[in-house]
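Good morning, everyone. Please put the model up on the screen, and we will walk through it together.

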Amino acid sequence: MVRDDVRVNGDLPVPTPVVLGIDDLRRLPRATRIARTSGEGIRLLREYRDRFVDELWLDHDLGGDDTILPVVTLLEEAAFHGHPFRIGTIFVHSANPIGAETVVRSLTRWNYRVQRATAQ
């Protein structure tokens, strides 16, 4: 696993967890970075492509006609080509139960570790 480290008082490195969120409204206080649209989410994941992401929080409905599905497609295509994103756990926290289940099912199929969750 490749991670960025932070040194505390010159001691051994302490891993800084990378928690990314893609949600149009919620604050997601544990998130180190938040994207508010699917386009921003894709750019964010591409920025972290070569890094380990401890947690990825996904909301299905992102305002208007925007949904998380383009992000899901990016994750699926990476796995299909044999280079899945390195993510500890993906949490799906949507108020849309059908959309959330679609995301969970799609990403679980590609061996991502996915959990249905309540937003923080």
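Start with a term: two strands pair if DSSP finds at least two bridges between them. Strands (E, at least two residues) and helices (H or I, at least four) are DSSP runs, numbered from the N terminus. With that in hand, look at Trp57: this residue stands opposite Phe91 in strand 6.

Now some ground rules. This is a predicted model, in which local features need pLDDT of at least 70 and side-chain atom pairs count only at pLDDT 80 or more, while totals for chains, interfaces and linings use all residues. Residues are numbered from 1 along each chain as its sequence is written, and side-chain values use heavy atoms, with hydrogens and water left out.

Strand 3 (residues 19-22) and strand 4 are joined by three bridges and run parallel. Leu20 has Arg33 of strand 4 as its bridge partner. On to strand 5: four bridges join strand 3 to strand 5, again parallel. Here Val19 is partnered by Glu55.

Next comes strand 6 (residues 87-92), which is parallel to strand 5 and joined to it by five bridges. Val53 has Ile87 in strand 6 as its bridge partner. Then three bridges join strand 6 to strand 7, also parallel. Phe91 is back here, with Gln115 of strand 7 as its bridge partner.

How many residues of strand 5 (residues 53-58) are buried? Six of the six, so strand 5 is largely enclosed by the rest of the structure. Buried means under 20% relative accessible area, exposed means over 50%, and partly exposed lies in between (1.4 Å probe, protein chains only). Strand 6 is mostly covered too, with six of its six residues buried.

How does the chain get from one strand to the next? Between strand 6 and strand 7 it uses helix 3, and together these make a right-handed β-α-β unit. Right-handed means this: with the strands pointing away from the viewer, the path from the first strand over the helix to the second runs clockwise.

Now the helices. Two packed helices are described by the angle between their axes and the distance between the axes. Helix 1 (residues 38-47) packs against helix 2 at an angle of about 30°, with the axes 8 Å apart. The two are therefore roughly parallel to each other. The cut-offs: under 35 degrees is roughly parallel, over 145 roughly antiparallel, 65 to 115 roughly perpendicular, and the rest oblique.

Who makes the contact? From helix 1 come Ser38, Gly41, Ile42, Leu45 and Arg46, and from helix 2 come Pro70, Val71, Leu74 and Leu75. Contact means heavy atoms within 4.5 Å.

Helix 2 has another partner. Its axis and that of helix 3 (residues 97-109) come within 10 Å and cross at roughly 10°. Helix 2 and helix 3 are therefore roughly parallel to each other. In helix 2, Leu69, Val72, Leu75 and Glu76 meet Val103, Ser106 and Leu107 of helix 3.

Stay with Leu69 for a moment. It counts as partly exposed, at 36% relative accessibility. Not counting residues up to four places away in sequence, Leu69 touches His60 and Val103. The C-alpha atoms of Leu69 and Ser38 are 7.7 Å apart, although 31 residues separate them along the chain.

Last stop: two loop residues. Leu28 lies in the loop between strand 3 and strand 4. Its phi is positive, about 50°, although it is not a glycine. Asn111 sits in the loop between helix 3 and strand 7, and its phi is also positive, near 70°. Buried or exposed? Leu28 is buried, at 2% relative accessibility. Asn111 is exposed, with a relative accessible area of 73%.

Key:
Axes are lines fitted to C-alpha atoms, for helices over the stretch in contact, and angles run from 0 to 180 degrees between N-to-C directions.
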